Amino acid sequence: MLCSGGGIFRRAPTIAARWLQTRSFTIAIDGPAASGKSSTARAVAQQLGFGYIDSGSIYRCATLLALRKNIYSVDAPPGDDEQSQELVDLISRANIDINIKPGSGWLAQSAAGTGRLVVPDVQVLLDGEDVSREIRAPEINRLVAKVASDGGVRDAVLHTQRYLAHAAETRPASTPEGRGADSSGTPGGGVVMDGRDIGTTVFPKAELKIYLDASAMARAIRRWDEMNSHMKETQAAAAAAAAAQKNTTDGDSAKKDTDQSSSRTSLSYPSVEDIARELEQRDYADINRKHSPLRIASDAVVIDNTNMTFEHQVYSIIDLARERMGLPRRYDEL
Ligand SMILES: Nc1ncnc2c1ncn2[C@@H]1O[C@H](COP(=O)(O)OP(=O)(O)O)[C@@H](O)[C@H]1O
Ligand SMILES: Nc1ccn([C@@H]2O[C@H](COP(=O)(O)OP(=O)(O)O)[C@@H](O)[C@H]2O)c(=O)n1
């Protein structure tokens, strides 16, 4: 119908682009643990002015609920219907929110050195409580794949995922370019969601599906690096707090607190081998579970980023999205 008249025919690319700009565009990013899904998805969403949902956070919140209520344990036999139903009820009642923190995050560096790729921080709220840090704890890492293998839990989380995606489309991360930056200033109606089954189950009709992968060792080292920097930040914050306290109270006790805090952190700090083992176990559980296992969707674009810069992988995905929106590629030079 768009192409039926001569005038309309000439304007068709513009009309098509506008049409694509006003409807929702979904980017699904799946892949194994620590393959770069969430950092990439946040940067892509930020650049396109799309909303962002980290679906792993929802499973992590479900796991936190299970741990707090003592419902699930790593050793408990799978398939306990009562246990499952109790958790499903909790998830269904819970209020989970995932927000990009405006003005937050880090600037990605790369050989291309454009220096303009921001990876914003994400805040995860469970019934209004900020659980962003807590859901990344080792106890959660150990249990989350088991909780996520429960079919009832997955159905409950599916509702939350679709609800949050719908809300996020109208609440984009920010709008430096793309659809959010149009002349009317209208926010872009799009969303980027990352996880394990986004392209296969949650949004099987997503306009763009990416399967992000990297070698097991590269993933383990990157996660270790990430934990290392978090630990340093935590230690620096503890040292600063202790120094401030020293000025006002007994100096000796402040030093004792710092030392205790440092030794606690380093005691629980895993090696690269520990992390590699944990990632491998989680990947195995995610690939081999019955409900919505981790699979490469038949229409997904596979990107192995083992030897790729972060910036390159982000801009490759943005260009794929732009092509599918009827817009010209922009980053071929990178
Ligand atoms: N191409 C890349 N090169 C180097 N590090 C990367 C690359 N892509 C992502 N990373 C880093 O790998 C770590 C894990 O990425 P993350 O996005 O948390 O993975 P996932 O969401 O798949 O678990 C992060 O520190 C991220 O900055
Ligand atoms: N769409 C999704 C997302 C996460 N998950 C589960 O949630 C766990 C944590 O996901 P995550 O994305 O936070 O994990 P990382 O890759 O960040 O380590 C995964 O290991 C899966 O067991 C899932 O089953 N389906």
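**Entry 1: alanine 34.** I started with alanine 34, which is buried because it has 24 other C-beta atoms within 10 Å. The cut-offs I used: a residue is buried with 20 or more other C-beta atoms within 10 Å of its own, exposed with 12 or fewer, and partly exposed in between, with C-beta atoms placed from the backbone. Alanine 34 is found in the loop between β1 (25–30) and α2. Its phi is near 60°, a positive value in a residue other than glycine. I noted the background too: most residues other than glycine have a negative phi.

**Ground rules.** I am working on a predicted model, in which local features need pLDDT of at least 70 and side-chain atom pairs count only at pLDDT 80 or more, while totals for chains, interfaces and linings use all residues. Residues are numbered from 1 along each chain as its sequence is written, and chains are lettered from A and ligands numbered from 1 in the order in which they are written.

**Entry 2: serine 292.** Which other residue did I look up for a positive phi, although it is not a glycine? Serine 292 has a phi of about 45°. I found serine 292 in the loop between α10 and β10 (301–304). It counts as buried, because 21 C-beta neighbours lie inside 10 Å.

**Entry 3: the whole protein.** I counted eleven helices and ten strands. Of the 334 residues, 37% count as buried. I then took contacts with a separation of 6 or more, and 74% of them join residues 24 or more positions apart. A contact here means two C-beta atoms, placed from the backbone, within 7 Å.

**Entry 4: around ligand 1.** What surrounds ligand 1? I found 16 residues, the closest being Gly36, Lys37, Ser38, Ser39 and Arg222. To be in such a shell, a residue needs its C-beta atom, placed from the backbone, within 6 Å of the molecule. The elements that give two or more residues to this shell are α2 (37–48), α8 (216–248) and α11 (310–324). By class I have four nonpolar, eight polar and four charged residues around ligand 1. The classes are: Ala, Val, Leu, Ile, Met, Phe, Trp, Tyr, Cys and Pro nonpolar; Asp, Glu, Lys and Arg charged; the others, Gly among them, polar.

**Entry 5: around ligand 2.** Ligand 2 is surrounded by 16 residues, and Gly56, Tyr59, Ala148, Gly195 and Arg196 are the closest. Two or more residues each come from α3 (55–68), α5 (138–147) and α10 (272–288). I see that α3 gives the most, with four residues. The shell around ligand 2 has seven nonpolar, four polar and five charged residues.

**Entry 6: helix α5.** Is α5 largely enclosed or largely open? It is largely enclosed by the rest of the structure, because seven of its ten residues are buried. I listed them as Ile140, Asn141, Leu143, Val144, Ala145, Lys146 and Val147. These buried residues pack against α3, α6 and α10.

**Entry 7: α5 with α10.** I got an angle of about 10° for this pair, with the axes 9 Å apart. Axes are lines fitted to C-alpha atoms over the stretch in contact, and angles run from 0 to 180 degrees between N-to-C directions. Asn141, Ala145 and Lys146 of α5 meet Glu278, Arg282, Ala285 and Asp286 of α10. I sorted this contact into two nonpolar, one polar and four charged residues.

**Entry 8: α4 with α6.** The axes of α4 (residues 81–93) and α6 (residues 151–169) come within 9 Å and cross at roughly 10°. I therefore put α4 and α6 down as roughly parallel to each other. The contact residues include Leu87, Val88 and Ile91 of α4 and Val153, Ala156 and Val157 of α6. By class the contact has six nonpolar, four polar and no charged residues.

Note on methods. Angles under 35 degrees count as roughly parallel, over 145 as roughly antiparallel, 65 to 115 as roughly perpendicular and the rest as oblique.
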